[in-house]
Amino acid sequence: MNTYTVHKQKLIITGVAVRTTNAEEAGPEGRLPKLWETYFQSNLLSAAGGENPHFIYAVYTDYESDANGAYTVIIGHESSAELVPDDKNHVVVAVPGSKYRVFTTKKGPVYEVVAQAWREIWAYFGESTEMRAYTGDFELYDARDFDPTNTELQIYIAIK
């Protein structure tokens, strides 16, 4: 998996959210597949504005502790301001500006490449001197050519 480091400014993301844990997601009661269904059934993609409306963000934030604790996932789009959404089912989150280690997945079925990438990310930080910040991480998808059977995406991990 290719990696590089980048600095990003604060992002404002409007989307749908769920609170979960990695242990829960590893079992049959995982909440993320249902969250993706909720996202695709919402009008977020068609209502997306901003500079890059074709980018879909899956933001990991509000970490309880580390990769073993609870966290919140928001799937949505970049917004230009921290406005309260009209729809009570949508949330707004500010991802702080940070230095990120960016991991690019291989191409393949989305659920397979994402799961494999996260396993590699956990292994990377288990062996690296770099430390995760746990302030806000995100997966970045490009909806213009999104093919769930053959996709490639970037995962941004905030580092100290």
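Is Tyr 39 buried or exposed? In this predicted model, Tyr 39 has a relative accessible area of 1% and is therefore buried, the limit for that class being under 20%.

## Overall architecture

The protein chain contains four helices and eight strands. Read from the N terminus, the elements follow the order β-β-α-α-α-β-β-β-β-α-β-β. The radius of gyration of the protein chain is 15 Å, close to the 15 Å that the globule rule gives for 160 residues, so the chain is as compact as a globular protein of that length.

Along the principal axes, the C-alpha trace of the protein chain extends over about 45 × 30 × 30 Å. Buried residues make up 42% of the 160 residues of the chain. Among contacts with a separation of 6 or more, 75% join residues 24 or more positions apart.

## Aromatic pairs

The count of aromatic pairs comes to 17. One of them joins Tyr 39 and Phe 40: the ring centres are 4.9 Å apart and the planes meet at 70°, which is over 60 degrees, so the pair is edge-to-face. The two partners fall into separate accessibility classes, since Tyr 39 is buried at 1%, whereas Phe 40 is partly exposed, with a relative accessible area of 46%.

A tilted pair is formed by Tyr 63 and Tyr 71, with 6.0 Å from centre to centre and 40° between the planes. Tyr 63 is buried, its relative accessible area being 15%. Tyr 71 also counts as buried, at 3% relative accessibility. Both residues belong to one aromatic cluster, which is formed by Tyr 60, Tyr 63, Tyr 71, Trp 118, Trp 122 and Tyr 134.

## The largest pocket

The largest pocket holds about 680 Å³ of space. Its lining consists of 30 residues, and those nearest its centre are Leu 32, Tyr 60, Val 114, Trp 118 and Glu 139. Tyr 60 and Trp 118 are also members of the aromatic cluster.

Two or more lining residues are given by each of α1 (22-26), α2 (32-41), β3 (55-61), β4 (71-79), α4 (110-127) and β7 (137-142). Helix α4 supplies the largest share of the lining, with seven residues. By residue type, the lining divides into 21 nonpolar, three polar and six charged residues.

Thr 20 lies in strand β2 (residues 11-20) and counts as buried at 2% relative accessibility. Apart from neighbours within four places in sequence, Thr 20 is in contact with Glu 25, Arg 31, Leu 32, Gly 69, Ala 70, Tyr 71 and Val 73. Of these partners, Leu 32 is among the residues nearest the centre of the largest pocket, and Tyr 71 is part of the aromatic cluster. Lys 107 stands 87 residues from Thr 20 along the chain, and the C-alpha atoms of the two are separated by 26 Å.

Leu 35 is placed in helix α2, and it is buried, with a relative accessible area of 4%. Setting aside residues up to four places away in sequence, Leu 35 touches Val 16, Ala 17, Val 18, Val 73 and Ile 75.

## Positive phi angles in loops

Which loop holds Asp 62? Asp 62 is found in the loop between β3 and β4. Its phi is near 50°, a positive value in a residue other than glycine.

With a relative accessible area of 22%, Tyr 134 is partly exposed.

Notes:
Residues are numbered from 1 along each chain as its sequence is written. This is a predicted model: local features need pLDDT of at least 70, side-chain atom pairs count only at pLDDT 80 or more; totals for chains, interfaces and linings use all residues. Side-chain values use heavy atoms; hydrogens and water are left out. Rings of Phe, Tyr and Trp (its six-membered ring) pair if their centres lie within 6.5 Å; planes under 30 degrees apart count as stacked, over 60 as edge-to-face and the rest as tilted. Buried means under 20% relative accessible area, exposed over 50%, partly exposed in between (1.4 Å probe, protein chains only). On a 1 Å grid over the protein atoms alone, a cavity is a set of points where a 1.4 Å probe fits but cannot get out, and a pocket is an open set with protein on both sides within 12 Å along at least five of seven lines; lining residues have an atom within 4 Å of a point. Grid points are joined across faces, edges and corners, and a volume is the space filled by probe spheres set on the points. Ala, Val, Leu, Ile, Met, Phe, Trp, Tyr, Cys and Pro count as nonpolar, Asp, Glu, Lys and Arg as charged, and the others, Gly among them, as polar. The radius of gyration is taken over C-alpha atoms; the globule rule is 2.2 Å times the number of residues to the power 0.38. Contact means heavy atoms within 4.5 Å.
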